[in-house]
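Take a look at the protein below and keep the 3D view open while you read.

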Amino acid sequence: MKQVFKRDVEGVPTIKLTVFGPSLAGKTSLLTIYSILKKVENPDSVYSELKKIEDPTGRTALFDQSVFELPKGQGTSLPLMRYALYSVAGQDRYRETRKVVLKGTDGLMIMLDPKIDQWQANVNSLNELMELLGEQLTTGKLPWILVINK
C-alpha cells in the first residue's frame, strides 16, 4: 500500500505523531527533552517551539505540541517534511480531550510507567486507547510503538 502524506498550506508533507499514556508516565518530559535536543542539534529544524498547556500545578492540561522539519529539499526553500509531535494529558479529567488530540494521528507512541503502583493506571490507559483506536491498532492501519519509561 502506497502511503500518501497530508500536505500543509505550503504544500509540505506533514505527519502527526501522538504520545499517549497515563498521567505522570513522562510524555511531556519526552517532548521537552526532544525539543531541546533538536534545537541544539539544528535550530532550523524546529518549526514551532514546544507549546505546553498546563494547569496551576504545572501538569499538562489538554496537550503539549511542537513541530519539527526535515532538511530543505534540493532546489527549494521548503523542507522535505514536517512532523508535529503531540502528547495527551494523562489525568482522568481530560479523557474527552484525548479523543480530540488523537484525531488525525498518523503514528502513536504508547508510553507506560513500569512502577508497580502505576500498574492500574497503565491498564486503564491501554483500555481507553483500545476503546478509542482499537481497530486501527489491531489491524496495522496506525503504526505504533510501546515505550516503557523510567
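Predicted model: local features only at pLDDT ≥ 70, side-chain atom pairs only at ≥ 80, totals over all residues.

In what follows, helices (H or I, at least four residues) and strands (E, at least two) are DSSP runs, numbered from the N terminus. Residues are numbered from 1 along each chain as its sequence is written, and side-chain values use heavy atoms, with hydrogens and water left out.

**The pocket**

On a 1 Å grid over the protein atoms alone, a pocket is an open set of points with protein on both sides within 12 Å along at least five of seven lines, whereas a cavity is a set of points where a 1.4 Å probe fits but cannot get out; lining residues have an atom within 4 Å of a point. Grid points are joined across faces, edges and corners, and a volume is the space filled by probe spheres set on the points.

The largest pocket comes out at about 370 Å³. Its lining is made of 20 residues, and I15, L17, D106, G107 and L108 are the ones nearest its centre. Which elements each supply at least two residues of that lining? They are β2 (13-20), α1 (27-41), β5 (82-88) and β6 (107-112). Strand β2 gives the largest share, with four residues. Sorted by class, the lining has 15 nonpolar, three polar and two charged residues. Here Ala, Val, Leu, Ile, Met, Phe, Trp, Tyr, Cys and Pro count as nonpolar, Asp, Glu, Lys and Arg as charged, and the others, Gly among them, as polar.

**Rings that meet**

Now for the aromatic side chains. Rings of Phe, Tyr and Trp (its six-membered ring) pair if their centres lie within 6.5 Å; planes under 30 degrees apart count as stacked, over 60 as edge-to-face and the rest as tilted. How many aromatic pairs does a search of the whole structure find? It finds three. Here are two of them:

| Pair | Centre to centre | Angle between planes | Type |
|---|---|---|---|
| Y34 and F68 | 5.1 Å | 85° | edge-to-face |
| F63 and Y86 | 5.6 Å | 50° | tilted |

Y34 belongs to helix α1 and F68 to strand β4 (residues 60-69), so their pair ties together parts that are 34 residues apart in sequence. F63 is in strand β4 and Y86 in strand β5, so this pair links parts that are 23 residues apart in sequence. There is also an aromatic cluster, formed by Y34, F68 and Y83.

A charge sits over a ring if NZ of Lys or CZ of Arg is within 6 Å of the ring centre and within 35 degrees of the ring normal. The charged end of K16 sits over the ring of Y86, 4.6 Å from its centre. Likewise, R82 places its charged end over the ring of Y47, 3.8 Å from the centre.

**Two sides of a helix**

Turn to helix α2 (residues 95-102), whose buried residues are R98, V101 and L102. Viewed down the axis of α2, they fall within an arc of 95° (taken from the directions from the helix axis to the C-beta atoms), so they line one face of the helix. E96 and V100, on the other side of α2, are exposed.

L24 isn't a glycine, yet it has a positive phi of about 65°. You'll find L24 in the loop between β2 and α1, where it is exposed at 53%. L62 also has a positive phi, about 80°, without being a glycine. L62 sits in strand β4 and is partly exposed at 34%.

A61 is in strand β4 as well, and is buried at 8%.

Key: Buried < 20%, exposed > 50% of the residue type's maximum accessible area, 1.4 Å probe, protein only.
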